[in-house]
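Please read them with the structure open.

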Amino acid sequence: MTQLSKKYAYLSQAEKAGMITPKTLLLNNADSHDLQQFIATCERGSRFIIRSMQSAEDTHQQSYAGHFWSSSAINADEIVATIALAKKENKQRLKQLHLQESPQLMLQEFIEHHIGGVLFSPWSFFANYCFIEYSTQSVQAAVEGIASPAVIGLKTDAPLALAAEMDFLETPLRLLTTKLQSTFDFPVDSEWVYSEQKQAIVLLQVRPQTRLVGALFNATVAQQQQVTLPIGRWQYAALSESLGKLSPLSFSLLEQLYDDARAGLQSLGYRAKQVDFMTRLPDGSVLVEPQLEKSFYSATTFGGFWKSFKAPQWQQKITQLLNTLTLDSEFSYAQLSQYFQYWMVANALSNGQGREENTAHAYELSWRQNLNAPVINISDNSWAVLNKQLKQLFFFELEKIKQQLAQTPANVLLSWQDYLCNKTVSTAQEQQAATMALYDYSLLGATLSHGNMQSIGAKKEVAGMLFIIENPSQFRQDIPEGSILIAPYFDNQWVQSIAKLKGIIVAQGGYLSHSAIVARESNVAYFVGKKANNSLQHGDYVTLSLSGELVQ
């Protein structure tokens with residue numbers, strides 16, 4: 001069964017909303033007459049590009065970057081031959097991936113440009129700002145990491161401005177961001193170019209952001225963020241990975257919920273003395289102190305007895321709650337807290353059974369999920385089922401406050417107590433928070449020496465065959481499974497291969513790039529800005545160390 005790519009649908013939606021996009025023709029049913037008519041609508045002398053638009057490109061949580069295949073810019077008389085090549089290339093890729101789809105292609109006018117970039121909005125948890133990476137070479141250069149960063153404020157001055165010669169772009173980029181936010185109900189990751197011929201910004205692509213789970217953390221980052229951590233061995237842990245980045249409001253609310261849940265955990269024989277095992281960095285990343293976390297969940301002398309003794313009572317209380325639910329009420333913190341406490345109890349008594357994957361960022365207040373009311377199964381009160389259903393109830397109730405918060409998005413920069421007291425966020429608070437949240441390679445890369453270089457993805461030593469690609473734009477083969485890839489940059493067409501690789505080393509790129517994010521989610525080591533050992537050759541069996549060193 002063949003479906004249209006969401007990327008194409010989103011671009012069409014953007015065009016209908018008044019944004020300038022490349023003229024596009026679907027090629028699945030187009031004939032020679034359609035091609036001639038399409039060419040006639042474009043400016044004389046225009047060049048074109050042919051790209052794949054498979055539904056399979058919209059996988060990996062929300063969306064893969066790029067396309068299975070894109071041509072270079074071609075003249076009108078090259079279109080027919082390039083279509084034939086595109087069909088052949090995409091058919092081969094679909095066969096390799098065991099996908100039952102026929103090749104789907106689109107023909108677009110190529111937008112001549114030398115300025116281009118990527119745009120993220122809402123960026124992190126800052127609804128009133130957008131994050132830009134731009135290049136004075138091309139949009140491809142920005143995607144590859146040869147770019148400068150900027151943060152544009154939609155209501156205030158930018159905390160990180162565009163270069164002086166790029167000032168003329170700020171107003172149109174602000175307008176584009178505002179249109180994107182009003183058109184799409186998800187955080188967007190888009191590509192844009194400035195066309196001198198059109199004297200306007202043209203939107204090339206829009207898709208949901210792949211969300212960065214966790215983040216880098218080392219002495220350099222701590223110094224840049226001016227972080228003074230409490231005493232302990234603070235690090236990223238499973239909790240950090242599942243939460244991702246949290247706004248001040250989300251983090252302080254989570255601390256309050258954990259504090260309220262202590263009584264329920266203590267009734268099961270856990271110590272749960274104080275919620276001191278989490279801390280939040282200025283960029284929203286959450287660190288965990290393992291010894292404090294272990295102490296929180298450690299059992300008292302008679303912990304095993306109380307867990308067994310109290311289980312039936314908790315099962316009765318939770319079953320009674322599920323039998324008397326009222327889901328259409330207004331948001332209630334008391335209800336949210338009860339769901340959270342019962343969920344933590346059920347999770348402990350189920351020994352983790354009933355957990356589901358892909359929960360990253362489900363908690364964050366600034367990311368609306370638009371959840372449907374959960375269907376409660378009261379006929380099965382096993383702990384695994386109760387654990388799953390209480391989690392669904394918690395996120396459903398949390399969604400109510402997310403919807404309220406959408407009216408005043410700046411409030412995510414308040415603490416929970418400030419929020420309850422109806423305090424407001426100042427412009428200075430917003431700008432300071434937005435500046436401190438920058439973690440892209442273009443800012444950190446210059447300060448990272450080879451001594452403290454570390455993987456954006458998996459933090460582990462790996463071994464495999466070295467696979468070197470010297471010219472990504474000309475590479476058309478498969479990357480062997482289990483290999484360690486070295487390339488000047490990571491081409492978007494390889495994103496599907498990330499999960500099967502052992503490691504990746506690219507000379508240029510960004511922490512916000514799609515490939516870096518997917519590598520982290522796929523637990524693959526990924527180094528940016530690392531020069532490979534010239535004595536090593538293609539096909540060598542090597543070990544990739546934690547610091548990015550390659551050793552035979």
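**Notes on the predicted model**

1. Just over the whole chain first: 53% of its 552 residues count as buried. This is a predicted model, and the points below should be read as computed from it.

2. The secondary structure consists of 16 helices and 16 strands. Among contacts in the chain with a separation of 6 or more, 67% are between residues 24 or more positions apart.

3. The chain has an accessible surface of about 24,800 Å². Carbon and sulfur atoms account for 49% of that surface.

4. Y8 is part of helix α1, which covers residues 6-16. Is Y8 buried or exposed? Y8 has a relative accessible area of 18%, so it counts as buried, the cut-off being under 20%.

5. Leaving aside residues up to four places away in sequence, Y8 touches T24, L26, M53 and M106. Y8 and S55 are 47 residues apart along the chain, and their C-alpha atoms are separated by 9.6 Å.

6. Helix α10 (residues 303-323) packs against helix α11 (residues 333-349) at an angle of about 140°, and their axes are 11 Å apart. The two helices are therefore oblique to each other, since an angle has to be over 145 degrees to count as roughly antiparallel. The crossing of α10 past α11 is left-handed.

7. On the α10 side, the residues that meet α11 are K307, A311, W314, K317, I318 and L321. Their partners in α11 are Q335, Q338, Y339, Q341, Y342, V345, A346, A348 and L349. By class, this contact has ten nonpolar, three polar and two charged residues.

Key
Residues numbered from 1 in each chain as written. Predicted model: local features only at pLDDT ≥ 70, side-chain atom pairs only at ≥ 80, totals over all residues. Heavy atoms only, no water. Helix = DSSP H or I, 4+ residues; strand = E, 2+ residues; numbered from the N terminus. Buried < 20%, exposed > 50% of the residue type's maximum accessible area, 1.4 Å probe, protein only. Contact = heavy atoms within 4.5 Å. Areas by Shrake-Rupley, 256 points an atom, 1.4 Å probe, with all protein chains shown as cover. Axes fitted to C-alpha atoms, helices over the stretch in contact; angles between N-to-C directions. Parallel < 35°, antiparallel > 145°, perpendicular 65-115°, else oblique. Left-handed = near helix turned anticlockwise from the far one by under 90°. Nonpolar A, V, L, I, M, F, W, Y, C, P; charged D, E, K, R; others polar.
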